[in-house]
Amino acid sequence: MIVITGATGALNGATIEHLLQRLPAERLAVAVRDPARAQHLADRGVRVRRADYADPASLPAAFAGAEQLLLVSASDPAADAVALHRAAVEAATAAGVGRVLYTSHQGAHPGTPFGPGRDHAATEELLAASGLPWTSLRNGFYAHSLGWLLGPWRESGRIVVPADGPVSWTAREDAAEAAALLLASGAAPDGPLTLTAREAPTFAQLAATAAELSGRDVELEVVEPGRWVADQVAAGRPEPVARFTLGLYLAAERGFFAGVDPALGELLDREPRTAREQLAGTPVPAG
């Protein structure tokens with residue numbers, strides 16, 4: 001049996017849809033905080049179990065019988081993600097899970113300026129120490145984030161960032177399908193697996209692409225980080241959120257998102273979606 005956490009969210013929700021195209025529903029279970037939100041899966045024959053990383057007592061039963069467990073990372077930037085992940089890993093160990101597949105990030109490293117990257121690195125250490133077979137799906141930075149990271153460039157003709165650097169913008173939909181393919185095959189490799197698009201454009205290159213697609217000038221402006229945070233706060237964004245986002249740009253500048261890997265395209269048996277296609281609004285390929 002395959003157990004999927006976070007199946008009412010965008011990433012693992014898409015993964016279970018891909019799994020349902022490949023496997024009978026009785027081989028699948030979802031572990032979710034609110035079972036009522038997974039009724040559409042229960043109606044299709046998927047087992048629905050309650051699980052909340054913040055309630056460790058709920059986890060061993062939710063993970064019971066799992067030959068493979070797809071463990072989604074905590075998404076609340078205000079939470080202690082590593083503590084939540086520790087509870088999940090300990091429960092997976094107690095339940096005797098056959099293999100854990102964890103949705104990590106390409107920039108997982110204890111020295112990254114981007115907070116989630118440090119959390120992912122710490123979680124990978126927990127998995128390595130658990131004694132469980134594990135795979136860390138180091139997904140590239142999700143390309144749909146460009147919609148808000150680049151700001152209203154179509155109207156303003158400007159993209160304002162506090163630092164520039166390469167990022168292997170990767171379609172979340174492609175990452176979800178890749179996870180499903182690995183789970184369905186039962187052939188996930190041990191340790192980290194980097195899943196990215198083929199290219200890692202800088203914000204300057206994205207501005208050039210935006211200009212080409214829109215037929216108008218689009219200027220990249222790199223401003224001092226403190227000024228960028230102040231401008232974000234003045235525009236109504238909470239300061240903790242602005243500083244959290246700042247870490248992304250600083251990590252890009254230091255090369256934490258620069259690497260690309262052919263593994264995603266090889267799994268999908270097609271070219272992964274590109275940042276250019278994201279900016280152009282090209283539909284996601286069916287898979």
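A cavity is here a set of points, on a 1 Å grid over the protein atoms alone, where a 1.4 Å probe fits but cannot get out, and its volume is the space filled by probe spheres set on the points, which are joined across faces, edges and corners. The largest cavity holds about 30 Å³ of space. The model is predicted, so that local features need pLDDT of at least 70 and side-chain atom pairs count only at pLDDT 80 or more, whereas totals for chains, interfaces and linings use all residues. Residues are numbered from 1 along each chain as its sequence is written, and side-chain values use heavy atoms, with hydrogens and water left out.

**Cavity**

- The count comes to one cavity of 30 Å³ or more.
- Lining residues, defined as those with an atom within 4 Å of a point, are Leu11, Asn12, Thr15, Thr103, Leu137, Asn139, Ala175, Ala176 and Ala179 for the largest cavity.
- At least two lining residues each come from helix H1 (10-20), strand E6 (134-139) and helix H8 (172-185), where helices (H or I, at least four residues) and strands (E, at least two) are DSSP runs numbered from the N terminus.

**Nonpolar cores**

- A nonpolar core is a set of buried Ala, Val, Leu, Ile, Met, Phe, Trp, Tyr and Cys residues joined through side-chain atoms within 4.5 Å, and buried means under 20% relative accessible area with a 1.4 Å probe, protein chains only.
- Of the 31 residues in the largest core, Phe141, Leu150, Trp169, Phe203, Leu206 and Phe257 touch the most other members.
- Helix H11 (239-253) gives the most to this core, with six residues.
- Apart from this core lies another of 28 residues, among them Leu19, Leu20, Val30 and Leu101.

**Helix H10**

- The buried residues of helix H10 (residues 225-234) are Trp228, Val229 and Gln232.
- These residues cover an arc of only 95° around the axis, taken from the directions from the helix axis to the C-beta atoms, which puts them on the same side of H10.
- Their cover includes strand E7 (158-161) and helix H11, with contact meaning heavy atoms within 4.5 Å.
- Just after H10, Gly236 takes a positive phi of about 110°.

**Thr196**

- Thr196 sits in the loop between strand E8 (191-195) and H9, and it counts as buried because its relative accessibility is 0%.
- Among the residues that Thr196 touches, not counting residues up to four places away in sequence, are Gln106, Ser168, Gly259 and Pro272.

Definitions and conventions
Buried < 20%, exposed > 50% of the residue type's maximum accessible area, 1.4 Å probe, protein only. 1 Å grid on protein atoms, 1.4 Å probe; cavity = no way out; pocket = protein on both sides within 12 Å on 5 of 7 lines; lining within 4 Å.
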